[in-house]
Amino acid sequence: MTTHVRHLRSLSIATVVLLTASLILVFFYAPLDAEQGFVQKIFYIHVPLAIVSLGGFILGGLFGVGYLRTGKRIWDMRSYCAIHMALIFSIGGLLAGSIWAKASWGHWWVWSEPTLVSYLIVILLFCTYQPLRFSIEDPERQARYAAVFSVVCGAFVPINFIVVRLSAEYLHPRVLNLEGGNMPGPMKLTFYTSLVAIALLFATLMRYEMAAKETRIQTRRLRRALMGDDAIRPLGRSAAPQ
Amino acid sequence: MRTALAILRKDLLLELRTLETIPSMAMLAVITCVIFHFGLNRNALSGQLAAGVLTVTLLFASMLGINRLFVAEREQGGFDAFLLAPVDRTAMLTAKATALFVYLLVLELIAVPAFALFLAPPHLGSSLPGVILILVLSDIAFAVIGTFVSAIAVQTRARDLIGPMIGLPLLLPALIATARGLGPLLTVQASGSPPAKWLAVLGLYDLVNALLAYAVFDFLLED
């Protein structure tokens, strides 16, 4: 087993346990919001999804730095899987956030809300990650360019948030401000549990993706060694490292 | 520095002789003004609307220049020659960003008067220095990010598609700051001084991106 597959089972179990616990907390422990009622509970899903996905984009950038420094293919794989997963999480966060916004503000989309707008810009930027990889054929160059892209765009995430926030007034309740938000205790506990659970979910899924891709590469290598070069079909072009 | 100057001189000379990029950028800017006139059905714009139209016009026109920036190097072997030479690779970034910056300045010398003629309200005299300051700062952002994006896109198969797709989101913060900074200057009773907040944002954005591009640019030329 390669190194990044080693803790997969314990990580998966921890994720399932914590995810279940957080859902129990969300539905049975956290109090109903006085103004928004039951719909407010989606807040425990969409905010962690958003935070974790942004963290995932930045993580992808850090892994990109790792690739540029070492030139090892495993860093490219990490970077790719982190950004891939973060993209999926971010689209989930965007959809769930829209539902929350409709219930809370009465609109599916609110332009005057900087958090929302900067989030959208970041997603639009990272949506070009896969097309970029796909349009470079040489695998080594693909990895290098993707790493450069991930570094610059990872740094873009916080900068973009600052600029967009300057351009509009505050509207979102600040969940993670310095005073720890204005949530009452049970809500805070539920929120942080969900945040950790979603972060674990991210880590687990990312590792599964890496394990699957590594296994596929290894299988190909073994098949080639055993059956000769003619036995396996040539690879098609792919955005994923291979 | 001498290498950068040599490349810059080569690029400007090439542009002067072929007149490939700047005329098409200027044409696109002028035609965009006409398109906005019909699209918005207005004879004159002012305030934030005018600022937005001007910024978007310049942004789209600059996309043409960004797409073309490295094409000659790629198609005629300039990259290989540059990599063979024992020179600092950052010189390429400096030279190309400066060349793009010069293109954008020339573009604005044509596009801003055209915009003023076609769409802007009269009496913009007092706020002109502020407008120039903001445009120069935004040109730096466009030039730095544009060079970086162009260097990535030119090596891809669908370079005309990848360039704008990466470039436009990356330029959005600069676009926001430029448009919001220009807005108060283009109102009919403008005070004349640009909003300090947006100048600071543009300046910082320029600085951060220049440092980032400087840090990663070497990897884009390696082969």
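Predicted model: local features only at pLDDT ≥ 70, side-chain atom pairs only at ≥ 80, totals over all residues.
pLDDT is the predictor's confidence in each residue, on a scale from 0 to 100. For chain A the average pLDDT is 84, and 91% of the residues score at least 70. Among the elements of chain A, α2(A) has the highest mean pLDDT, 92, while helix α4 (residues 114-126) has the lowest, 88.

Chain A is built from seven helices and zero strands, giving the pattern α-α-α-α-α-α-α along the sequence. Its C-alpha trace spans about 70 × 40 × 30 Å along the principal axes. Of the 242 residues in chain A, 37% are buried. Among the contacts in chain A with a separation of 6 or more, 80% join residues 24 or more positions apart.

Within α1(A), the buried residues are Thr15(A), Ser22(A), Leu25(A) and Val26(A). Because these residues cover an arc of only 100° around the axis, they sit on the same side of α1(A). The face turned away from this buried side carries exposed residues, namely Arg9(A), Ser10(A), Ile13(A), Val17(A), Thr20(A), Phe27(A) and Phe28(A). The cover over the buried residues of α1(A) includes α2 (43-70) and α7 (185-227) of chain A.

Turning to α2(A) itself, the 28 residues should span 40 Å at 1.5 Å a residue, and the end C-alpha atoms are 40 Å apart, in agreement. Of these 28 residues, 20 are buried, so α2(A) is largely enclosed by the rest of the structure. After α2(A) comes Gly71(A), which has a positive phi near 75°.

Helix α4 of chain A contains Leu116(A). Leu116(A) counts as buried because 21 C-beta neighbours lie inside 10 Å, where the cut-off is 20 or more. Leu116(A) and Ala211(A) are 95 residues apart along the chain, and their C-alpha atoms are separated by 33 Å.

Chain B meets chain A through 25 of its own residues, which are in contact with 24 residues of chain A. On the chain B side, the elements that give two or more residues are α7 (128-153), α8 (159-182) and α9 (196-221) of chain B. The largest share of this side, ten residues, comes from α8(B). By class, the side of chain B that touches chain A comprises 19 nonpolar, two polar and four charged residues.

Also in chain B, helix α6 runs over residues 90-118. Its 29 residues should span 42 Å at 1.5 Å a residue, and the end C-alpha atoms are 41 Å apart, which agrees.

Terms used
Residues numbered from 1 in each chain as written. Chains lettered and ligands numbered in written order. Buried ≥ 20, exposed ≤ 12 C-beta atoms within 10 Å, placed from the backbone. Helix = DSSP H or I, 4+ residues; strand = E, 2+ residues; numbered from the N terminus. Arc of directions from axis to C-beta. Contact = placed C-beta atoms within 7 Å. Nonpolar A, V, L, I, M, F, W, Y, C, P; charged D, E, K, R; others polar. Expected span 1.5 Å × (residues − 1).
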